[in-house]
Amino acid sequence: MAVATTPLRVLIGKVGLDGHDRGVKLVVRALRDAGVEIIYTGLHHTPEQIVATAIQEDVQAIGLSLHSGAHNSLLPRVLELLKERGAGDVTLFGGGIIPDDDVPRLKAAGVQMWFRPATPMQDIVTFVKGLQIER
Amino acid sequence: MMKERKNRYTSLSGLEIDQVYTSDHLTGWSPEQDLGRPGAFPYTRGIYPTMYRSRLWTMRQFAGFGSADDTNQRFKYLLAQGQTGLSVAFDLPTLMGLDSDDPRARGEVGYCGVAISSLADMERLFDGIPLDQVTTSMTINGPAAVIFAMYLAVAEKRGIPLHHLGGTIQNDILKEYIAQKEWLFPPEPHIALIVDTIAYCAAHVPKWHPISISGYHIREAGSTAVQELAFTLYNGVTYVDAAVKAGLDVDTFAPQLSFFFNVHNDFFEEIAKFRAARRLWAREMERRYHPKNPRSLQLRCHAQTAGCSLTAQQPMNNVVRTTLQALAAVLGGTQSLHTNSMDETLALPTEEAVTLALRTQQIIASESETVNSVDPLGGSYFVESLTNRLEEEARDYFRRLDGMGGMVKAIESGFPQREILDASQRYQHEIEQQERHIVGVTDHMEPERRSIPILKIGPEVEQEQVARLSDLRKSRDPFKMAGSLEELQAMAACHQSLMPALMEAVKAKATLGEICAALKEVYGTYHEPVVL
C-alpha cells in the first residue's frame, strides 16, 4: 500500500569560497523538474551557515558542490556540526572535482555519495529520489 | 545526393552550419570595409601588419600554488624552459580579499593558487625575478588594486621605476558578477576603483594593462561563443564609459586596455570569434568615442584553452584537445596564450604536465609553419561568414543590453546570468541526448580509469602561512598600520584616488584582509541576485 509522504526537501549549496556554480545550478533545475523541493543557498557559505539553514528548513538531505580542493576539511566539518546539533540523520552527499583517492575517504567519514564531473543528470535525480523511498 | 550523417549540423554554440559556403553567403560583405589589411581598421585580420612574422605571441602559463616560495620556484622553472611572461594564479582566500588565517580560509590556503596576504609574501613570490625584464599578469579582480599596490611597492623597494613595469591585472569585476563570482564590493564603488587604477596606470605605469576584460570565465560558466563575445565587449564599453565620465581622455587609457578570451573546441567558430571581436571593438570604439589614436581602436588579447573541455577520463586526450584549441587561438591572432595542462581537470598541474603544455605552443610556433602568413583564413567563405554571424549576433545582445539601461542593471536583473545558465543547460541536454560527443566520456569509454600523477598541496602550507601572518602582526608598528587604514578609508569616503594610500598601507604591513575589510566598511558588500 502506498504511504502518503511529505515532499522530499533537500538543501543544495556551495560551501567554501569557490564560485563555480555551473554544475550545481543544473542539478537544482533537474531536481526541481523531478518534483524535489529544493532550498538553494547560493555561493560562499561556511559549514556553520549550511548546517544552520538545513536545520531551520528541516531538510532530509544536503547536497554540496565543491571544486576548490577544500573538501577534506569542509565536508567533515559539516558532518561534525550536524551531529552536534542533533541532526545526524540528515543525509550528506555532494559533487565536484576531487582526486580519486579522496572519494573513499569522504565516504568513510559519512558522506553518502559523491558525484564526479560528467555524471549523467539522471543518476543524481535517481539517487535523490531514492532517499525518499528509503525513509 | 548521399544521405548525410545528421539532419542538422550546428556549431558548438548552436549556429546552423551549411553544407558548403560560397560567395552567396557573403552578399553585402566588402573586403575593403569588413576585412581590410592586418594592422588597419577594422582590424579583422589582426592588430599588427606583420603579426607573428615580427613577434610571436607571449607564451604565458598561468601558475600558482602553495606558498609564495613554491610558486617562485615554478616561475623560475618556467622561465628556464623558455616561457616569455609570468602569470600568477592566486588561491581563493586571496581572490576574495581574505587573509590566510581568516576562519573562512580554512582548508583553501594555497589550493587553487598561491596564498598572498602581505607585501612580504609578494616580495618572496618575485624573489630573484627581474621585474623590469619580465611582464607579469595577475589574475585578481575584487582586491586587484591592493595586490597591484603590493607589486608596485616591491618594484619601488628594488629601485625599479614604475614606468619600466609591464604586465596586467585582470581587475574585471563585471564578469565576476556574471560568471566567476569572486567579488568584494557592490558594482558602483567597484567600477570607480577600477577607473582609479586605469587613471593611475595612465599617469604612472604607462606600460601596464590596468584591466583584462575577460570572456574566459563567462564561457567556462557555460555561455555560447556569441554570449562570450557580446558580454565581454559590452563590459569593455561599460568600463570605457565610466572612465570617460570620470573625465579621462579616451586616448590616455584605451591603448592599455586588454581582453582575455576562452578558446574552445569548435575550431572555426573560435577563429571567427577572435576576428569578430577585433572588428566589433574597433567599430564600437570609433562610433562611441571617436578616438584620435588608432591604438585606442585595437583589441589586444590573451587566450586560454578551455578548462571546461578537459576530461578526467583518459586525461592524455586533453593534450590533443588543447593542441587544436591553441592552434585556433594562433590562427585567430592572439597576443598571448596559456595552454592547459592535461591534468588540470584533476588538480593544479605537475611540472611534467605544464612543460608538455608549453611545448605544445612551442611546436605550433616553431614546427607547424602556421605563423608565416597573417590571418591565413581571411577570405574563406566559411570563416568570413561565421565572423559576420558572430558580430551580428553579438550586436543583437548589445541592443538588448542598451535597452536594459546597461550592464550593471542587466546583472542586477539576472539577465546575462540566466542567458548563460540556459545555454549551459542546452549543452548538457545535447550531451545527454547524444547530439554531441566527448571522446572518452560519451564515446570510446574505457572501463578502467587511467590515472596520471597529480600535484598535492599539504596542510603545512596553511600552517606556515598562518604562522608567518602571526609574526607579521607582531613585528609591525600597530599605530602606523592603523593610521594607514584610516587614511585609506578617508580617501575612499571622499572618492579620492586610492592607489597612493593603498601603497602606504601595504608598506605599513597592513594585510590584504585588513585592507579589504576597511574598504568594505566604506563601500559595503555585494549580495548576488540568485538566478536559477
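**The interface and the cavities**

So, between chain B and chain A there are three salt bridges, meaning a side-chain nitrogen of Lys or Arg within 4 Å of a carboxyl oxygen of Asp or Glu. One of them pairs A:Arg29 with B:Asp422, where the closest N and O atoms are 2.9 Å apart.

Quick word on the ground rules. This is a predicted model, with local features needing pLDDT of at least 70 and side-chain atom pairs counting only at pLDDT 80 or more, while totals for chains, interfaces and linings use all residues. Residues are numbered from 1 along each chain as its sequence is written, chains are lettered from A and ligands numbered from 1 in the order in which they are written, and side-chain values use heavy atoms, leaving out hydrogens and water.

How many residues of chain B are in contact with chain A? It's 41, and they meet 30 residues of chain A, with contact meaning heavy atoms within 4.5 Å. The buried area comes to about 2,700 Å², and carbon and sulfur atoms give 54% of that; that's the accessible area (1.4 Å probe) the two parts lose on being put together, summed over both. On chain B's side, B:Glu108, B:Lys181 and B:Leu532 supply 20% of the area buried against chain A, more than any other three residues.

Now the polar contacts: 11 residue pairs across the interface, both at pLDDT 80 or more. The rule there is a pair of N or O atoms within 3.5 Å, one able to donate a hydrogen and the other to accept it, and residues adjacent in sequence count only if both atoms are side-chain atoms. As for which element of chain B gives the most to this side, that's H16(B), with eight residues; helices here are DSSP runs (H or I, at least four residues), numbered from the N terminus.

Last stop, the cavities. On a 1 Å grid over the protein atoms alone, a cavity is a set of points where a 1.4 Å probe fits but cannot get out, and lining residues have an atom within 4 Å of a point. Volume is the space filled by probe spheres set on the points, which are joined across faces, edges and corners.

The second largest cavity holds about 80 Å³. Residues from both chains line it, among them A:Asp21, A:Arg22, A:Lys25 and B:Lys181. H16(B) has the largest share of that lining, with three residues.

Key:
Helices (H or I, at least four residues) and strands (E, at least two) are DSSP runs, numbered from the N terminus. On a 1 Å grid over the protein atoms alone, a cavity is a set of points where a 1.4 Å probe fits but cannot get out, and a pocket is an open set with protein on both sides within 12 Å along at least five of seven lines; lining residues have an atom within 4 Å of a point.
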